[in-house]
Amino acid sequence: MTPQSGTTSQSGTTSQSGTTPQSARTRYDCIVIGGGHNGLVCAATLARGGRSVLVLEAQSQVGGAAVTREFAPGFRVSACAHLLHLMPADLMRDLKLESHGLEWSAQGMPTTALIPGAAPLTVSHTGAGPDAAAFAAYSERMRRFAQALVPLLSKVPPRLGTSGWSDRWALLGLGWQIRKLGRRDMRELLRIGGMNVFDLLEEHFESDALKGALGFDAVLGTNFGVRSPGTVLTLLYRLAAEFAAGASAMSQPTGGLGAVCDALAKSAVALGAAIRTASPVARIMVEADRTVGVELESGERIAAATVVSSADPKSTFLKLLGPRYLDTGFVRRVNHIRARGLAAKLHLALDRAPQFAGVGAGASRGRLLLAPSLQYIERAYNHAKYGEYSSAPAMEITVPTVNDPGLAPPGKHVLSAIVQYAPYALKAGWQGQRQRFTELCVDLLDSVAPGLRGSVLNSELMTPVDIEREFRNEGGNWHQGELAFDQFFMVRPVPGAAQHRTPLPGLFLCGAGCHPGGGVMGTAGRNAAQQVLKTGSAI
Amino acid sequence: MNSSRTVSSHFKTPLLETPFHARARDLSQVDSFVAWAGYTTVDVFTTVEQEYFAIRNATTLFDLTPMVKYRIAGPDAVPYLNRLATRDLAKLKPDRVAYAIWCNDAGHLIDDGTVFRLGENEYRLCTAERQIDWLLDSAIGFAVTIDEITADIAALAVQGPTSCAVLKAAGLLGIEKLKPFEIGYFSLSGRPLTASRTGFTGDLGYELWMAPDTAEANWDALMAAGRSRGIRAIGSQALNIARLEAGFLSPNVDFVSAEHTIRTGRDRSPLELGLVWLVDFDKGHFTGRRALLAERQRGPRRQLVGLDVIGNKPAHNALLYAAANGKREIGSVTSAAWSPTCKRNIALAMVDAPYFQVGSTVWAEIYLNRELVWERRMSRAGVVERPFFAPSRRRATPPAEF
């Protein structure tokens with residue numbers, strides 16, 4: 001099918017205009033709710049599978065939380081995640097993102113640990129001081145584990161307790177992947193699988209700085225401290241996704257993360273999908289116990305036998321669909337999904353490039369971690385447990401304008417930091433605390449980048465509450481639901497919806513709330529589309 | 001009686017007393033009390049036989065205060081109840097009562113109960129088991145409030161062929177006009193009282209709902225008004241025979257709530273329990289609908305049926321077989337009694353397909369203890385229609401004069 005006029009992405013920018021209801025088609029095979037990366041991947045895959053697809057995005061531009069937007073006059077930044085490191089290389093290749101305009105400002109970016117009052121440490125295979133040998137062995141083993149878990153990410157999880165052979169084969173296959181590691185590695189994987197990352201790293205390393213840097217990756221974007229159970233799982237999960245993403249994993253798209261979604265949108269449109277922005281969905285329509293389409297907040301109705309929601313599971317089921325079309329036990333499980341955000345995003349508009357003490361030109365193009373020890377992270381987490389923000393937060397910092405000057409006016413810079421921990425339900429309330437927390441973060445940054453405070457022209461702090469409001473994800477969690485053992489794989493988001501299908505015929509889930517979860521990955525969208533195409537003819 | 005005192009000292013008095021307790025204590029001749037839903041209640045006052053025959057021949061008083069009561073109110077009360085229960089409660093008119101069941105997601109029965117529509121958006125749900133968690137989780141996304149009001153209302157069942165006459169004599173003006181499943185508002189010596197023509201005996205009867213502080217005065221007034229019509233207080237044992245004759249199910253006896261079972265396969269669906277008449281697949285979604293549709297397509301694997309057993313020994317807990325040789329086990333008895341009114345040895349039993357068809361023959365393995373010597377009987381039993389006893393007087397309006 002040919003795209004509707006006004007539904008194609010405008011070249012080179014992230015903005016798109018919604019079509020007017022009068023000119024719009026009123027029936028599609030599939031409607032995808034939400035034009036974030038997962039929604040767009042899903043739409044593109046469905047379109048390639050021969051379905052007529054319409055993507056409905058609430059905001060005025062596609063991207064969802066993977067969006068680049070202006071936060072101060074002339075300064076632009078990736079609103080949530082600021083690095084691309086989880087999207088599988090084959091997915092990007094399949095959807096021809098580079099020929100649809102995706103360019104890289106940096107790839108294979110290094111990670112540097114900032115240590116207040118000491119020289120920074122670059123985390124890599126070659127140099128890790130006294131821990132060099134241990135680091136090499138550790139990295140090699142974690143790489144093997146990650147590799148074994150990769151197939152788990154790219155598949156729709158099996159159902160438990162069924163007699164279906166496809167489910168049994170999938171479980172056997174998972175067991176085989178782990179058995180294939182060999183006796184020693186399998187035993188080690190099973191031993192560490194449920195551990196906390198603090199204990200794991202204590203077993204291997206001496207250097208506090210190295211342990212802090214490695215441990216922070218396990219808790220970045222989660223609701224955990226490094227001593228929380230299950231943090232080795234979150235680390236392995238991240239490593240597996242990075243492994244699947246390929247060698248140049250840690251990268252910065254030119255134009256920010258929004259450029260990825262712009263390319264995805266163009267790819268989807270080229271494959272035949274239509275996209276409408278500024279079209280928030282009010283509800284999913286149901287007739288005779290199956291989905292028949294959606295109603296927009298404007299009142300306009302669009303029919304489709306299949307509706308795929310990339311909204312988080314709580315919003316999808318409790319707001320867009322409504323409990324009256326679902327069973328009580330299922331609603332109870334959805335209601336219990338833990339999805340509260342604990343990470344904030346800090347954006348600073350700077351008059352000049354920040355000078356991080358001891359950080360060379362190469363390292364400053366990369367990813368800077370402010371998590372000088374495991375104790376530092378755990379102490380930062382302590383506050384969050386009691387509804388306070390950290391008095392000394394941990395941060396993942398990038399200065400995207402070093403690699404991509406186009407994001408700021410000439411000579412000016414942008415600093416983008418993921419800040420932990422900042423609870424969704426701050427005891428004191430974010431009203432009035434936002435400025436104090438921003439000041440605290442700027443002071444902290446100034447201590448590792450002397451003079452930074454004086455160069456701040458403008459700032460923006462996105463707390464989980466802001467993230468919830470702007471991206472319509474209940475709780476403001478980065479992953480549409482915590483990544484934890486009890487919300488993982490076969491039980492993500494909840495039993496009864498973990499195969500992208502939902503109890504309501506015709507309604508599917510494709511967001512980060514599904515397996516394999518969050519991060520700008522796109523795998524959930526692709527898996528969901530495959531499930532729709534597989535199920536589609538049967539319903 | 002002061003229930004707040006007993007609640008605060010629950011560790012000293014684990015069972016509460018109902019507002020009728022002092023009267024029950026006075027009338028109890030055999031001191032037989034049992035725990036029911038957190039209250040101490042009478043099992044037998046005198047003898048089961050005397051009490052049973054009063055149900056079928058005169059009037060009986062049964063204290064059903066421990067019946068768990070919930071107030072469900074709010075603008076979404078109707079959609080809430082229709083999503084909870086399997087039948088279409090939107091059709092229930094104000095001042096009417098409906099028997100209803102509700103299931104879990106798998107279409108397995110959680111409980112049965114009666115729904116009273118007391119106003120446009122106000123309902124009362126009476127159930128055997130406490131289940132505030134299920135009711136509250138069912139309320140997610142609905143504008144309703146749910147409160148347990150069990151202790152706020154004293155309840156008394158007045159059942160038996162002379163019950164209408166007794167209530168009339170006590171001064172409940174117009175009680176004879178009350179139709180089955182209708183609710184009426186009356187006064188007894190100036191004390192307001194709600195009556196519904198409902199009950200658990202399958203006979204003519206009423207249930208009275210009143211403020212706890214009027215409970216004793218009302219009990220005394222009914223006892224005085226009923227003296228010449230054979231009024232008698234009864235315990236739960238006599239009631240159990242009557243309910244079995246009427247074919248009513250007893251929770252935790254004939255089925256176990258799906259929220260309480262631990263072993264797989266012990267849950268029961270409405271299709272298995274013969275309650276499919278309470279399931280309306282066309283009213284829109286309700287919890288368990290999709291599972292029940294699938295089960296209807298498959299056909300139930302077993303079903304609760306009525307049995308007419310040869311002989312006069314109740315088939316308590318009997319295993320059932322396809323033939324007298326006892327080789328192929330096909331089910332078991334859940335409730336059994338000699339029915340004094342029907343003069344039949346009746347039972348409710350869960351029977352596997354295809355033996356549950358009315359008219360089939362099954363064999364019950366009955367054990368008899370004869371002065372400490374156990375004997376085993378294989379008794380032939382026929383699968384029969386329920387209820388076993390359904391007198392026309394239970395529905396007659398106005399009821400006959402006595």
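Which residues in H6(A) meet which residues in H7(A)? The model shown is predicted.

**Figure 1. Helices H6 and H7 of chain A pack against each other, with their axes coming within 10 Å.** Helix H6 covers residues 197-204 of chain A, and helix H7 covers residues 208-219 of chain A. Two packed helices are described by the angle between their axes and the distance between the axes. Here the axes cross at roughly 150 degrees. Since angles over 145 degrees count as roughly antiparallel, H6(A) is therefore roughly antiparallel to H7(A). The crossing of the two helices, H6(A) and H7(A), is right-handed.

**Figure 2. Residues where H6(A) meets H7(A).** From H6(A) come A:Val197, A:Phe198 and A:Leu201. They meet A:Lys211, A:Leu214, A:Gly215 and A:Ala218 in H7(A). Sorted by class, this contact of H6(A) with H7(A) has five nonpolar residues, one polar residue and one charged residue.

**Figure 3. Chain A, with 17 helices and 18 strands.** The C-alpha trace of chain A spans about 65 × 55 × 45 Å along its principal axes. Its radius of gyration is 22 Å, which agrees with the value near 24 Å that a compact globule of 539 residues would have. Of the 539 residues in chain A, 55% are buried. Sequence separation can be read from the contacts in chain A between residues at least 6 apart: 75% of these join residues at least 24 apart.

**Figure 4. The contact between chain A and chain B.** Chain A brings 14 residues to this contact, and chain B brings 13 residues. On the side of chain B that touches chain A, helix H4 (77-84) and helix H5 (132-138) of chain B each supply at least two residues. H5(B) gives the most to that side, with three residues. By class, the side of chain B that touches chain A has six polar, four charged and three nonpolar residues.

**Figure 5. Buried residues of helix H3 in chain B.** Helix H3 of chain B runs over residues 48-57. In this helix, B:Glu51, B:Tyr52, B:Ala54, B:Ile55 and B:Arg56 are buried.

Key: Residues are numbered from 1 along each chain as its sequence is written. Chains are lettered from A and ligands numbered from 1 in the order in which they are written. This is a predicted model: local features need pLDDT of at least 70, side-chain atom pairs count only at pLDDT 80 or more; totals for chains, interfaces and linings use all residues. Axes are lines fitted to C-alpha atoms, for helices over the stretch in contact, and angles run from 0 to 180 degrees between N-to-C directions. Helices (H or I, at least four residues) and strands (E, at least two) are DSSP runs, numbered from the N terminus. Angles under 35 degrees count as roughly parallel, over 145 as roughly antiparallel, 65 to 115 as roughly perpendicular and the rest as oblique. A crossing is left-handed if the near helix is turned anticlockwise from the far one by less than a right angle, and right-handed if clockwise. Two residues are in contact if their C-beta atoms, placed from the backbone, lie within 7 Å. Ala, Val, Leu, Ile, Met, Phe, Trp, Tyr, Cys and Pro count as nonpolar, Asp, Glu, Lys and Arg as charged, and the others, Gly among them, as polar. The radius of gyration is taken over C-alpha atoms; the globule rule is 2.2 Å times the number of residues to the power 0.38. A residue is buried if 20 or more other C-beta atoms lie within 10 Å of its own, exposed if 12 or fewer, and partly exposed in between; C-beta atoms are placed from the backbone.
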